[in-house]
Amino acid sequence: MSYTNDWEKVSEHTEKKLVAATMDDALPKALPPEKSDPSEDWTIVLPRRGKKNRTVNKFVIPKRQMEVQLWAPIDLETDPERESKLKQKMDTCIKKFENSEFYRNLLSQIRNPDIVDKFSKVLGSEEKMQMVVYGIGSIESFEPPRLQLCLAILLQRSFDWIGGIELFDPIISLTESKVLTSLGCTVLSINEQGRRRAVKPTFFFMPHCEAELYDNLLEANWEVDRLNRLVIFGNSFEAYEQHASLCKSSAVTSSRKHVLAIRSFAEELGVDTFSDDSFRAFHGTSWHFFGPSAEADLQIIL
């Protein structure tokens, strides 16, 4: 996850562009989300390791997602001392963040009756809303990713309607993967490139991701029912619209056409940041709720 919007680059951005390599022994066990249209899917079969009579795990990737690749942490080893140090750092960060002004104000915002009603509409008849975290970055190397993870974990602990946390970033190390697991998160074993289909109510936690990742997510869910089943906590789409109108670049517009098109039937609620550590981690962040009334609303970009 880059730490600023596309037009605001900071030093950490380049450090996050590491290339993930495959390491079979460290492959996380999480499976991807369930398919929504069997007729459009490809099946990948993976053998289970360590069993004499091998069984198989089957999962599917929609045809439009054929570029999605299996993933494992880049580093080949870790050690208990390094893991323990990072776990202690995260525990301390969570306790500190829980008492921050930013977190207290965000809780008040979420508990506002109008916001509660919006989340209730997304939940519908379901009791839980899965949280999917994209682009968290390196929690071992940088403070903003740690603060963002703190928020995701604290929200999941504070609201019983938030289900489990699934998480992915291609630069996650083996040490970070193990610590994330110890904190109750599930590290995904494939790079979905943001194309998760909201077959059930889903809370996408994506502060400071790149515009293309939001666009991939919206494109994968460009149907009335699916859009009504998702919530995004991420960059301001209004700011993307303003930027597109100023730069007047066809390349920019094309790379985020779903982000721009959805503005006509989306509600965006900004998040207040303060002059403490939360500013770097959450500035320019908003809640996004969607309410297309008919498929005709979605034809505007076809």
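1. Throughout this note, a residue is called buried when its relative accessible area is under 20%, exposed when the value is over 50%, and partly exposed in between, with a 1.4 Å probe and protein chains only. By this criterion C93 is buried, with a relative accessible area of 9%, and C150 is buried as well, at 0%.

2. The basis of the values is as follows. The model is predicted, so local features need pLDDT of at least 70 and side-chain atom pairs count only at pLDDT 80 or more, while totals for chains, interfaces and linings use all residues. Residues are numbered from 1 along each chain as its sequence is written, and side-chain values use heavy atoms, with hydrogens and water left out.

3. On the cysteines, the structure holds zero disulfides, a disulfide being a pair of cysteine sulfur atoms within 2.5 Å. C93 takes part in none, and its nearest cysteine sulfur, that of C150, is 3.2 Å away. C150 is likewise in no disulfide; the nearest cysteine sulfur to C150 is that of C93, 3.2 Å away.

4. Helices (H or I, at least four residues) and strands (E, at least two) are DSSP runs, numbered from the N terminus. Helices α2 and α5 pack at an angle of about 70 degrees, with their axes 9 Å apart; axes are lines fitted to C-alpha atoms, for helices over the stretch in contact, and angles run from 0 to 180 degrees between N-to-C directions. That angle makes α2 roughly perpendicular to α5, on a scale where under 35 degrees counts as roughly parallel, over 145 as roughly antiparallel, 65 to 115 as roughly perpendicular and the rest as oblique. The contact (heavy atoms within 4.5 Å) is made by K89, M90, C93, I94, F97 and E98 of α2 with E143, R146, L147, L149, C150, L151, I153, L154 and R157 of α5. These residues divide into 10 nonpolar, no polar and five charged. Here Ala, Val, Leu, Ile, Met, Phe, Trp, Tyr, Cys and Pro count as nonpolar, Asp, Glu, Lys and Arg as charged, and the others, Gly among them, as polar.

5. The crossing of α2 and α5 is right-handed. A crossing has this hand if the near helix is turned clockwise from the far one by less than a right angle, and is left-handed if anticlockwise.

6. Helix α3 (residues 101-110) also packs against α5, at an angle of about 45 degrees and with the axes 12 Å apart. The pair is therefore oblique, and α3 passes α5 in a right-handed crossing. On the α3 side the contact involves F102, Y103, L106, L107 and I110, which meet L151, L154, L155 and S158 in α5. By class, this contact has eight nonpolar, one polar and no charged residues.

7. Helix α6 (residues 174-182) has L174, T175, E176, S177, V179 and L180 as its buried residues. These pack against the helices α2 (80-98) and α5 (143-158) and the strands β4 (162-168) and β5 (185-187). Just after α6, G184 takes a positive phi of about 95 degrees.

8. With α2, helix α6 packs at an angle of about 50 degrees, the axes being 9 Å apart. The two helices are therefore oblique to each other, and their crossing is right-handed. R82, E83, L86, K87 and M90 in α2 meet T175, E176, K178, V179 and S182 in α6. By class, the contact of α2 with α6 has three nonpolar, two polar and five charged residues.

9. Residues up to four places away in sequence aside, T175 touches D75, T78, R82, E83, L86 and E140.

10. V259 lies in helix α11 (residues 257-261) and is buried, with a relative accessible area of 0%. Apart from its neighbours within four places in sequence, V259 is in contact with A211, Y214, D215, L218, F237 and Y240. The C-alpha atoms of V259 and E219 are separated by 9.0 Å, the two residues being 40 residues apart along the chain.

11. Two residues other than glycine deserve a backbone check. Q193 has a positive phi of about 55 degrees; Q193 lies in the loop between β5 and β6 (202-206) and is partly exposed, with a relative accessible area of 27%. H208 has a positive phi near 65 degrees; H208 is found in the loop between β6 and α7 (211-220) and is buried, at 0%.
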